[in-house]
Amino acid sequence: MDEEDLGAIASLIEDEYARAILRHTSEQPLSANELMDRCDASKATTYRRIDRLREHDLLESYQEYDPEGHHYEVYAATLEELSVRLDDGEFVVELDRTRDPADRMTDLLNQLR
């Protein structure tokens, strides 16, 4: 991971709203409206953080359908572990993500059947 990516991810982890979104979406997938309520954040703040987290593959999204046929986007954290260590003068950052998104999508489709 280069210094620019490291800085961007560190900035995200430092941000209270980004951390709250990761924390809540690690428990269960949530819509943007649910995240606004749980994080006590404005719509603009919530969507900005969602976009930034998705840019760095720390958050994924997919469509969820309700019984009346409506659909909406929900978000789930992909970050499982983040570690930073100093090795011979170099920062080494390791990101462990949850299962492959394709496997999670297959699980979701199987639940709809």
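1. Helix H2 covers residues 16–27, and its 12 residues span 17 Å from first C-alpha to last, close to the 16 Å expected at 1.5 Å a residue (the expected span being 1.5 Å times one less than the number of residues). Helices here are DSSP runs of H or I with at least four residues, strands are E runs of at least two, and both are numbered from the N terminus.

2. A caveat before going on: this is a predicted model, where local features need pLDDT of at least 70, side-chain atom pairs count only at pLDDT 80 or more, and totals for chains, interfaces and linings use all residues. Residues are numbered from 1 along each chain as its sequence is written, and side-chain values use heavy atoms, leaving out hydrogens and water.

3. Back to H2: Ala18, Ala20, Ile21, Leu22, His24 and Thr25 are buried (under 20% relative accessible area; exposed is over 50%, partly exposed in between, with a 1.4 Å probe and protein chains only). At the start of H2, a side-chain oxygen of Asp15 comes within 3.0 Å of the backbone nitrogen of Tyr17.

4. Have a look at Thr46, which sits in helix H4 (residues 43–55). Thr46 is buried, at 2% relative accessible area. A polar atom of the Thr46 side chain is 2.8 Å from the backbone oxygen of Ser42. Beyond its neighbours within four places in sequence, Thr46 contacts Ile21, Ala32, Leu35, Met36 and Ala41 (heavy atoms within 4.5 Å).

5. On the strands, S2 (residues 59–65) and S3 run antiparallel, joined by 7 bridges; pairing takes at least two DSSP bridges. Gln63 has Glu73 in S3 as its bridge partner.

How values were computed: Polar contact = N/O pair within 3.5 Å; in protein donor to acceptor, adjacent residues only side chain to side chain.
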